[in-house]
2 protein chains.
Amino acid sequence: MQLVTIDDIRAAADRIRPVAVRTPLLQAPWADPERPLWIKPENLQPIGAFKIRGAFNALAKLDEPVRARGVVAYSSGNHAQAVAYAARAYGIPAHIVMPEDTPAVKIEATRAYGAEVVLCEVGKREVVADELVEKTGGVLVPPFDHPDVIAGQGTAGLEISHDLPEVEIVVMPVSGGGLASGIGTAIKALCPNARVYGVEPELAADAQESLQAGHRVSWSVEDRNRTIADGLRSQPSELTFAHLQHVLDGLVTVTEDEIREAVRVLAHKSHLVVEPSGAVSVAAYLKGAIPAGTTVAVVSGGNINPEMFQEILSAGAPA
Amino acid sequence: MQLVTIDDIRAAADRIRPVAVRTPLLQAPWADPERPLWIKPENLQPIGAFKIRGAFNALAKLDEPVRARGVVAYSSGNHAQAVAYAARAYGIPAHIVMPEDTPAVKIEATRAYGAEVVLCEVGKREVVADELVEKTGGVLVPPFDHPDVIAGQGTAGLEISHDLPEVEIVVMPVSGGGLASGIGTAIKALCPNARVYGVEPELAADAQESLQAGHRVSWSVEDRNRTIADGLRSQPSELTFAHLQHVLDGLVTVTEDEIREAVRVLAHKSHLVVEPSGAVSVAAYLKGAIPAGTTVAVVSGGNINPEMFQEILSAGAPA
C-alpha cells in the first residue's frame with residue numbers, strides 16, 4: 001500500500017497556508033519540569049479544529065472543473081465544518097451528511113459556513129453521502145480515508161518538527177486515524193528519534209485493540225458512542241491503519257473522568273476551551289500513560305457545547 | 001518628553017524572542033463580514049498575559065551585575081507573574097508587592113514562578129515596593145511607567161503590522177497605558193493609515209476623561225476598583241499619557257455587562273479563556289463603539305479565577 005510521504009505533507013503545507021492558522025507551540029507552565037509539555041492548540045483553527053488542514057488540502061488538489069461541481073462529506077462534526085469552510089473559500093456548493101445525534105453547536109456552525117446539512121440516522125451517513133454524490137455530481141471528501149486528507153493533517157507535524165526539533169514525545173488523539181497518520185509520518189521523517197503515541201477513550205479503544213491484534217478489529221457503533229469524546233467515535237480505515245502500524249510507538253487509553261479533568265486543566269491553566277476529543281492527549285500526559293521526555297500534546301479541537309463545557313467546569317478547579 | 005520609537009520596539013522584539021510566544025492572529029468566523037475581526041490572543045503567553053513582553057525586555061536591558069541583585073515589582077496581578085517569570089529565566093531573586101484583594105489565582109501563580117510575594121494594603125503597594133528596593137538593593141520594574149516596558153509591549157503591535165499590514169482599526173485595553181502606548185507607537189509607524197483605539201471599563205474611565213481634558217485626571221482607587229476588570233484599575237503615568245495623546249485616535253468605554261458578554265463570546269465562539277480585563281477590546285467591537293473596518297482586537301490576558309469564569313458562563317451561551 002502506498003503511504004503518504006513527507007513530500008506530500010510539504011506540498012500540503014504550501015496549499016493550506018492561506019487558510020490554516022500556523023498554530024504556535026504553547027509551553028505549559030503547570031507541567032512537571034521533568035516532563036516539559038508543549039501544547040499544539042488546533043482548537044484555534046478557523047473552524048475550531050485541525051480538520052481544516054486535511055479538508056482544504058483535498059479541495060485544493062482537485063482539478064478546477066471537478067471542484068466546481070461541489071463537494072459532499074459525512075462527519076460527526078469537525079470535518080463537516082472544515083469541508084463547509086473550505087468549500088466557501090472556493091465558492092462551491094457543499095452537502096454535508098451528519099448523524100441526528102451530532103452536537104447542535106456543530107450542526108449550526110456547519111450551516112453558518114453556507115453548507116447544506118443533511119441529517120441522517122446514526123450509522124447511515126456513508127450510504128446517504130453516496131446517494132448525494134450520485135445526485136449532485138459532487139466529489140466525496142472523506143474525513144480521514146484519503147491520502148490528501150492525511151497529508152493535510154500531517155502539516156501540524158511539520159510545524160512541530162520546525163518549532164521544537166528536540167521533541168522526544170508527540171501525542172495526539174486517534175479516531176479514524178487521519179491526524180495520527182499524518183503527524184506521525186512527518187515526525188518520523190523529520191525527528192526520527194521522537195516517539196509518537198496515539199490516545200483513545202477507553203470506551204472507544206478499537207484502534208488499540210486493532211494494533212495489538214495486528215489487524216483491524218471493529219467495535220459496535222453503540223459501544224463507541226458511549227464516550228463523551230464525540231469526535232473519537234470513528235475507526236481507522238485500511239489506509240490509515242497501515243499508517244498507524246508504521247508510525248505509532250504506542251496507543252494508550254484514558255477514562256471519561258480523565259478526559260473531563262484535562263478539559264478543566266486546559267481551561268483554567270492554559271486558557272483554552274477544548275472539546276473532550278481534543279483533550280485526550282493532555283489526559284494521557286496527566287495520567288502518566290506516556291513515557292517521560294520533552295512532549296508535544298496535540299489539542300485537536302474546541303467545539304464543545306456550552307452546556308457540556310459548563311457541566312465539566314462545575315466539578316471545580318483542578319489541583 | 002522622549003517617546004519610545006519603532007527602533008526601540010524592534011530591538012525589544014529581538015530580546016524577547018526566546019520567552020514570548022509569537023501569538024498568531026485568529027480570524028473570528030462569528031464577526032460581521034462588513035467588519036472583519038482578528039483576535040491577537042495574548043492570553044496564550046506563558047504567564048497568561050502580554051505583560052511578559054515588557055517585563056522581559058526591561059530585565060534583558062539591565063547590565064548583568066545590576067540584574068544579579070534581583071528585581072522588585074508591584075502589581076495587581078499579571079505584571080507580577082511576568083516579572084517573576086522573567087526573573088526565574090535569569091535565575092535572579094524577585095520580590096513582588098501585591099494588594100491584599102488580588103485574585104488568589106494570580107498570587108498563587110506568582111509564587112509558583114519562585115517569587116517572594118509581599119501582600120500589602122490596597123493603595124500602599126508603591127510605598128512598600130520602594131522599601132523593598134531600599135532593603136534588597138534590587139531594581140524596581142514598574143508595570144508600565146518605563147520606556148523599556150512600553151517598548152516590550154509594543155512588540156505585539158510589530159507582529160500585528162507584519163501579519164495583517166492592511167489592518168484599519170487596532171483596539172486594546174487601557175489601564176496604566178503601557179500596552180496602548182507600545183502597540184500604538186508600532187502601528188502608527190508601520191501602518192500609518194490604521195486608527196488606534198483604547199478601551200476602558202465605564203467604571204474606571206480615568207484615561208478617557210484625561211484625554212478629553214487634555215491633562216491627567218485622577219479617579220479614586222475606590223471608584224476604579226468597582227469594575228470586575230481587575231487588570232484595568234491603574235491610571236496612566238506622565239510618560240504613558242504622553243504616548244496615549246500621541247497615538248490614540250479615540251478611547252471608548254464598555255459596561256460590566258458588555259465585558260461579561262465578551263468573555264462568553266470568546267469562550268464559546270473563539271475557544272479562548274479570557275479574563276474580564278482582556279475582553280474589553282472585543283466588548284467594544286461587539287457594541288459597535290469603534291468604526292467599521294478590518295479590525296484587530298488585542299485580547300490581553302486570561303488569568304481569571306475559575307469561580308468567576310463559571311459565574312460569567314452561567315448566564316448562558318451568547319446569541
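How many residues of chain A are in contact with chain B, and how many residues of chain B take part? In this predicted model, 25 residues of chain A are in contact with 24 residues of chain B. The area buried between the two chains is about 2,000 Å², and carbon and sulfur atoms give 68% of that area. On the side of chain A, Leu44(A), His271(A) and Gln310(A) supply 29% of the area that chain A buries against chain B, more than any other three residues.

The polar side of the interface was examined next. Zero salt bridges are found by the rule across the interface of chain A and chain B. Polar contacts are present, however, and seven residue pairs, both residues at pLDDT 80 or more, are counted between the two chains. The largest share, four residues, comes from H14(A). Sorted by class, the side of chain A that touches chain B has 15 nonpolar residues, nine polar residues and one charged residue.

Within chain A, an open sheet of six strands has the order S1-S2-S10-S7-S8-S9, and its pairing is mixed. Strand S1 (26–27) and strand S9 (250–254) of chain A stand at the edges; each has a single partner strand, so one side of each is left without a neighbour in the sheet. In general, strands of a sheet pair through backbone hydrogen bonds, either parallel or antiparallel. Strand S7 (residues 169–173) and strand S8 (residues 195–201) of chain A run parallel and are joined by five bridges. Met172(A) has Gly198(A), in S8(A), as its bridge partner.

Helices also pack on this sheet of chain A. Helix H7 (residues 147–163) of chain A touches strand S2 (37–41), S7 and strand S10 (295–299) of chain A, and the direction of H7 makes about 140° with that of S2(A). Helix H8 (residues 178–190) of chain A packs on the sheet as well, touching S7, S8 and S10 of chain A. The direction of H8 makes about 165° with that of S7(A).

In chain B, four strands form an open sheet in the order S5-S4-S3-S6, with parallel pairing. Its edges are strand S5 (116–120) and strand S6 (139–140) of chain B; because each has a single partner strand, one side of each is left without a neighbour in the sheet. Four bridges join strand S3 (residues 71–74) to strand S4 (residues 94–99) of chain B, and these two strands run parallel. The bridge partner of Val72(B) in S4(B) is His95(B).

Terms used. Residues are numbered from 1 along each chain as its sequence is written. Chains are lettered from A and ligands numbered from 1 in the order in which they are written. This is a predicted model: local features need pLDDT of at least 70, side-chain atom pairs count only at pLDDT 80 or more; totals for chains, interfaces and linings use all residues. Side-chain values use heavy atoms; hydrogens and water are left out. Contact means heavy atoms within 4.5 Å. Buried area is the accessible area (1.4 Å probe) that two parts lose on being put together, summed over both. A salt bridge is a side-chain nitrogen of Lys or Arg within 4 Å of a carboxyl oxygen of Asp or Glu. A polar contact is a pair of N or O atoms within 3.5 Å; within protein, one must be able to donate a hydrogen and the other to accept it, and residues adjacent in sequence count only if both atoms are side-chain atoms. Ala, Val, Leu, Ile, Met, Phe, Trp, Tyr, Cys and Pro count as nonpolar, Asp, Glu, Lys and Arg as charged, and the others, Gly among them, as polar. Two strands pair if DSSP finds at least two bridges between them. Axes are lines fitted to C-alpha atoms, for helices over the stretch in contact, and angles run from 0 to 180 degrees between N-to-C directions.
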